[in-house]
Amino acid sequence: MAKAFFRLQKFLRRTQFLLFFLTAAYLMAGSLLLLQRTRLVVQQGSRGAPAKQALPGPVPVPEEMGRAGLAEPRSPQSPRAGPGPLPGTDTLQEPAPEQRHGPHWLTARNSELRQLRRRWFHGFASDQEPLQTAGSKAMEHTAEHKGTYMGCFTHDSRERTLKGAVFYDLRKMTVAHCKEACAERAYGYAGLALGAECYCGNALPAAAARPQDCNIECRGQRGSVCGGVNRLSVYSLQELRAAARRRRNVIYRGCFRAPENLTDTFPASLIQPNLTVEMCSEFCSKKEFPWAVIRGQECYCGYPTRRFPLRGGTDGLRCSGTRNASSAAGGQHCLVYQTPVQDTRCTDRKFLTTKSKVFVALSSFPGAGNTWARHLIEHATGYYTGSYYFDGALYNKGFKGEKDHWRSRRTICVKTHESGKTEIEMFDSAILLIRNPYKSLMAEFNRKYAGHLGYATDRNWKSREWPDFVNSYASWWASHVLEWLKYGKRLLVVHYEDLKQSLIPKLKEMVEFLNVTVTEDRLLCVENNRDGNFKRSGAKQKNFEPFTQEMKDLINRYILTVDEALRGRNFSGLPREYVPR
C-alpha cells in the first residue's frame, strides 16, 4: 500500500513540474512575439518600409479574435499602402505572351500584390483626457499671441454659435494656428475646443462658462488651453484681421447675368458711392457670406442657390460698366467674387444614429480620387465616411470616420482599395471609382514619396523605383476593376473625370445610390467647397515624359482589357481620353 502511494506521489510531482514548465514556455513565447511585433511597428512608424524590400505579410488573426470584434489589420500610416516593387524586378517585366494581361493572370498577380500591401494595424493615440489643473501649475491663455482672450463659453457642435469655418488638427493644433486661420478668412472671433478643433465666426457666443471648464491642453502646444468638452476658448481677432487683410485672397469668379430681383436673391446688400471690390468683400465677409456680388454702386452678399447657381458665365466685357453709377439701377450683369469666408451650409457632419442595414464600399485604386470623393459625399449627405485602413493625416483634418472601426456601420460608406474575393463579398454594394491609370499612377507615386499634398522629386521619377512601381501597380489598376466587376453584388461605376466635369449630376447619382435625400442648396454648397483639404496646388510641370513607350504599351493593353470588361457588364466603357496616350 505504501509503495503504491509513493508511486502516485512521484507521478503528481512530475505532472506539476511539467505543467509549470509548459506554462513558463508559453508565457516566454508570447512575450517574444509581442516584442517582435512592437519592434516591427516602431520601425515602420519611424522609417517606413525600404523601397526595395517586400513588406511583411499579414499577421494571422484567430477566428476567436474576429468573433470578439477586435480590429483587423489596418495600415498604420498610409491607407493606400500599395505594393512596393516586386522582389527582383529592375525593369518592366511581362508574363509569357499567351498569359499576358488576361483576367486570370491579373487575379493571380493581384493576390500576390495584396499580400505585400497588408500591414499590421497600429492603433492611433487615444484621445487626450482633460488636464487636471488642481495642485499643478495652471496653464496660461497664450499671453504671447496677438488677439484678446474673451473667456470660456459653452459650445454645441450641432448648434454652433461660431458658425463660420471649421478646422481640425488632432496633432498640431495651437492657439496661434487657429487665430491666424480665422483672421485670414476675415472672421472676428476664433474658438478652440477639445484641444484640436478650431471654429471661426463674427458673433461672440452668448453663454459664458466657468473659466476652469476650459481645461484641455492644445495638441500642438504644451501649456496652452484649447477649450474643453462642450466648451470654447474664444479669442477676439481685431488686431490680426488688420494684418491679415493685406494677404487675404478675394477670387474673381466671373461675369454673370444678374437675377431678376437681386434683393430677393441675396440676403444682405449695401449701396455705397465709389464702391470697390475690397469694400464689398469686407462687408460680405463680416456678414459671413462666401460671395460678394457687385452691380454698379450695389453690393450683394449670399450663397449659390437655384436662382443663382453661378453657371453659364458671360463675356467679361458685358460687366465693364457694372461699376458705373449709371448702370446701378438697370444693369443686366454683375461681377461675382469669392470672399475668404467658407460656405458652411454643408460642413456639418455626424455618424449615423442607427447602424446602416446596407454595407456600402467606396472602392478605388490608389490615386483615383477616393479622398476627394469622400469629401464630396460627407458634405453632401452630412454623414462621415469610414475607412478599411487608418490614415492619421486624414483623421487630423476632420475625417473622423478614419478612427471608427470599418465594420461599425456608423458611416455612410467605407473606403477600400482591396480587391480580393473575400474583401469584396463582405460589402452589400459599392461605388466603384475609376480614374485614368496614367493619372492614378502619377498621383499615387507622388503620395508615396511626398504625402497627400506634395510631389515626388525628379530624382524619384528618374530612379529605378519608378519603372518598378509602374510594373507592379499597372496590373493592380486593371485587376482591381476586374475583380469588383466579377464579385461585386451591386455596383455604381463612377469615372473620376465625369465627376470632375459634371459634379452635381454625378454627385446626385452617388447620393441616391446611398439612399440619402439632399436638397439642391446643399449640393450647390458642396460645389462651392468642391476642392477640400487634400488637393495638390496645381500640376507640377516636368521637363520630361515619365512614361516610356514600353510603359505606355503595357498600360494601354490593361486599359483595353478593362474597357472590354465594363462593356461586358453593360456599363459604359472607359472615357476616350484614356487611350491612346
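The largest nonpolar core of this predicted model comprises 42 residues, among which Ile-434, Trp-466 and Trp-477 touch the most other members. A nonpolar core is here a set of buried Ala, Val, Leu, Ile, Met, Phe, Trp, Tyr and Cys residues joined through side-chain atoms within 4.5 Å; buried denotes under 20% relative accessible area, exposed over 50%, and partly exposed the range in between (1.4 Å probe, protein chains only). At least two residues of this core come from each of β16 (429–434), α11 (437–450), α13 (465–487), β17 (491–495) and α17 (549–568), with helices (H or I, at least four residues) and strands (E, at least two) taken as DSSP runs numbered from the N terminus. The greatest contribution is that of α13, which gives 12 residues. When residues up to four places away in sequence are not counted, Trp-466 touches Leu-441, Met-442, Phe-445, Asn-460, Trp-461, Pro-546, Phe-547 and Met-551, contact being defined as heavy atoms within 4.5 Å. A second, separate core has 29 residues, including Ala-380, Ile-431, Met-510 and Phe-513.

Residues are numbered from 1 along each chain as its sequence is written, and side-chain values use heavy atoms, with hydrogens and water left out. In this predicted model, local features need pLDDT of at least 70 and side-chain atom pairs count only at pLDDT 80 or more, whereas totals for chains, interfaces and linings use all residues.

Strand β13 (residues 360–364) is mostly covered, five of its five residues being buried. Val-360, Leu-362 and Ser-364 point one way from β13, while Ala-361 and Ser-363 point the other way. Strand β13 pairs with β16 in the parallel sense over five bridges, where pairing requires that DSSP find at least two bridges between two strands. In this pairing, Val-360 stands opposite Ser-429 of β16. Strand β13 also runs parallel to β15 (residues 414–416), to which three bridges join it, and Ser-363 is placed opposite Thr-416 of β15.

Helix α7 (residues 277–286) is likewise mostly covered, with seven of its 10 residues buried. The buried positions are Val-277, Cys-280, Ser-281, Glu-282, Phe-283, Cys-284 and Ser-285. Just after α7, Glu-288 adopts a positive phi of about 65°.

Gln-221 lies in strand β6 (residues 221–225). This residue counts as buried because its relative accessibility is 18%. The Gln-221 side chain makes a polar contact with the side chain of Ser-224 (3.2 Å). A polar contact is a pair of N or O atoms within 3.5 Å; within protein, one must be able to donate a hydrogen and the other to accept it, and residues adjacent in sequence count only if both atoms are side-chain atoms.
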